[in-house]
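The sequence and the structure come first.

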Amino acid sequence: MHMADALVAPAVAATMYVCSVAAGGYSVHRVRLENDAKKIPVMGVMGAFVFAAQMINFTIPGTGSSGHLCGGMLLSALLGPYAGFLAMIGVLLIQCLLFADGGLLALGCNVWNMAFYGCFVGALIWRPIMRSGATKVKIAAASIAGCVLTLQFGAFSVVLETFASGVTELPFGAFVTVMQPIHLAIGTVEGLITAAVLVFVYEARPELLWGVGPSVDARGGRLTFRKTVAVLAIAAAFIGGVVSLFASAFPDGLEWSMEKVAGTAELAAAGGVYDIAAGVQEATALFPDYAFRTSESAAGTAFSGIVGGAVVVALCVGACSLFKLFKKKAESV
């Protein structure tokens with residue numbers, strides 16, 4: 001659901017940047033107040049996991065479309081909405097700058113559509129269901145309901161943002177009637193994937209689930225904390241470096257919807273701020289479209305998956321550690 005710059009007018013882009021930055025700033029404030037040393041490595045590893053998972057487009061049968069995990073619901077269920085939102089920002093920022101996935105001008109929109117709804121609306125669904133304790137059935141129900149609903153919000157926001165931007169090739173009525181159904185299917189698949197990951201965590205280290213109540217600590221788990229994090233890290237590397245080679249070649253839900261309505265997924269926008277944003281991305285995107293600049297070999301995709309995940313880990317862990325350091329210095333003054 002990564003929007004390109006051509007889909008948003010500068011005024012809409014600026015508005016969504018303000019909204020996303022405000023939500024990010026408040027999330028930094030809340031994360032600084034937390035006192036959970038285990039959350040930092042989990043934040044890094046799960047950020048890398050979501051980055052890798054977003055590289056895997058799965059086919060939606062009978063449509064000619066594909067979808068991928070957004071990951072906000074998954075991160076929120078493990079880290080809470082604030083740390084989850086910051087991890088998602090890290091993922092989307094690295095995708096945008098290093099791989100030219102999603103426009104730089106549209107980054108505020110993408111953060112809002114994919115991270116804000118996934119983490120904050122997802123948390124509103126997850127926590128009430130888990131308040132009296134977690135079970136596999138509850139985890140599956142919350143995961144599917146959360147992913148379906150948050151993707152519906154995100155897809156509808158894309159339609160609203162293009163409408164407010166005056167993208168006449170994508171009229172509101174026609175665009176919304178294709179965007180919502182295809183993302184309903186994508187959200188259902190994402191919910192099943194999210195449920196599988198969270199059930200693994202529940203079996204391995206149930207206390208890593210967010211908002212499940214204090215009684216979960218007494219249940220124990222099959223793996224130690226370090227082994228659980230290691231398994232997730234290995235899974236992220238394997239998904240990014242190997243499974244990514246088998247991703248569906250069909251257009252994703254947004255591109256498919258654009259082709260249905262406008263006849264193309266490549267709408268043009270040039271001049272002024274669009275050229276500036278494109279120039280910045282051209283300079284920073286060392287692996288455009290998850291490939292080497294001079295080659296489209298499979299090695300470029302695998303390399304991108306591994307390197308991108310490592311950069312996300314470094315960004316998430318480094319940023320979170322800095323937040324904590326600044327808090328300690330402020331308290332000591």
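## Aromatic pairs

Rings of Phe, Tyr and Trp, the last taken by its six-membered ring, form a pair if their centres lie within 6.5 Å. The model is predicted, and a search of the whole structure finds 18 aromatic pairs in it. In one of them, the ring centres of Trp112 and Tyr117 are 6.2 Å apart and the ring planes stand at 75°, so this pair is edge-to-face; the cut-off for that class is over 60 degrees.

Trp112 and Tyr117 are both buried. They also belong to a cluster linked by ring pairs, whose other members are Tyr26, Tyr82, Phe85, Phe116, Phe120 and Phe153.

## Helix 2 against helix 8

Helix 2 spans residues 39–54 and helix 8 spans residues 225–241; their axes come within 8 Å and cross at roughly 25°. Helix 2 is therefore roughly parallel to helix 8, since angles under 35 degrees count as such. The crossing of helix 2 past helix 8 is left-handed.

On the helix 2 side, the contact is formed by Pro41, Val42, Val45, Met46, Ala48, Phe49, Ala52 and Ala53. Helix 8 contributes Phe225, Val229, Leu232, Ala233, Ala235, Ala236, Ile239 and Gly240.

## Helix 2 against helix 4

Helix 2 also packs on helix 4 (residues 81–99), with the axes 9 Å apart and an angle of about 45°. This angle makes helix 2 oblique to helix 4. The two helices cross in a right-handed sense.

From helix 2, the residues in contact are Lys39, Met43, Gly47, Val50, Phe51 and Gln54. They meet Ala83, Leu86, Ala87, Met88, Val91, Gln95 and Phe99 of helix 4. Sorted by class, the contact of helix 2 with helix 4 has 9 nonpolar, 3 polar and 1 charged residues.

Val189 lies in helix 7, which covers residues 172–204. Is Val189 buried or partly exposed? Its relative accessibility is 28%, so Val189 counts as partly exposed; buried would mean under 20%.

Leaving aside residues up to four places away in sequence, Val189 touches Phe58 and Ile60. Asn57 is 132 residues from Val189 along the chain, and the C-alpha atoms of these two residues are separated by 11 Å.

Note on methods. Residues are numbered from 1 along each chain as its sequence is written. This is a predicted model: local features need pLDDT of at least 70, side-chain atom pairs count only at pLDDT 80 or more; totals for chains, interfaces and linings use all residues. Side-chain values use heavy atoms; hydrogens and water are left out. Axes are lines fitted to C-alpha atoms, for helices over the stretch in contact, and angles run from 0 to 180 degrees between N-to-C directions. Helices (H or I, at least four residues) and strands (E, at least two) are DSSP runs, numbered from the N terminus. Angles under 35 degrees count as roughly parallel, over 145 as roughly antiparallel, 65 to 115 as roughly perpendicular and the rest as oblique. A crossing is left-handed if the near helix is turned anticlockwise from the far one by less than a right angle, and right-handed if clockwise. Contact means heavy atoms within 4.5 Å. Rings of Phe, Tyr and Trp (its six-membered ring) pair if their centres lie within 6.5 Å; planes under 30 degrees apart count as stacked, over 60 as edge-to-face and the rest as tilted. Buried means under 20% relative accessible area, exposed over 50%, partly exposed in between (1.4 Å probe, protein chains only). Ala, Val, Leu, Ile, Met, Phe, Trp, Tyr, Cys and Pro count as nonpolar, Asp, Glu, Lys and Arg as charged, and the others, Gly among them, as polar.
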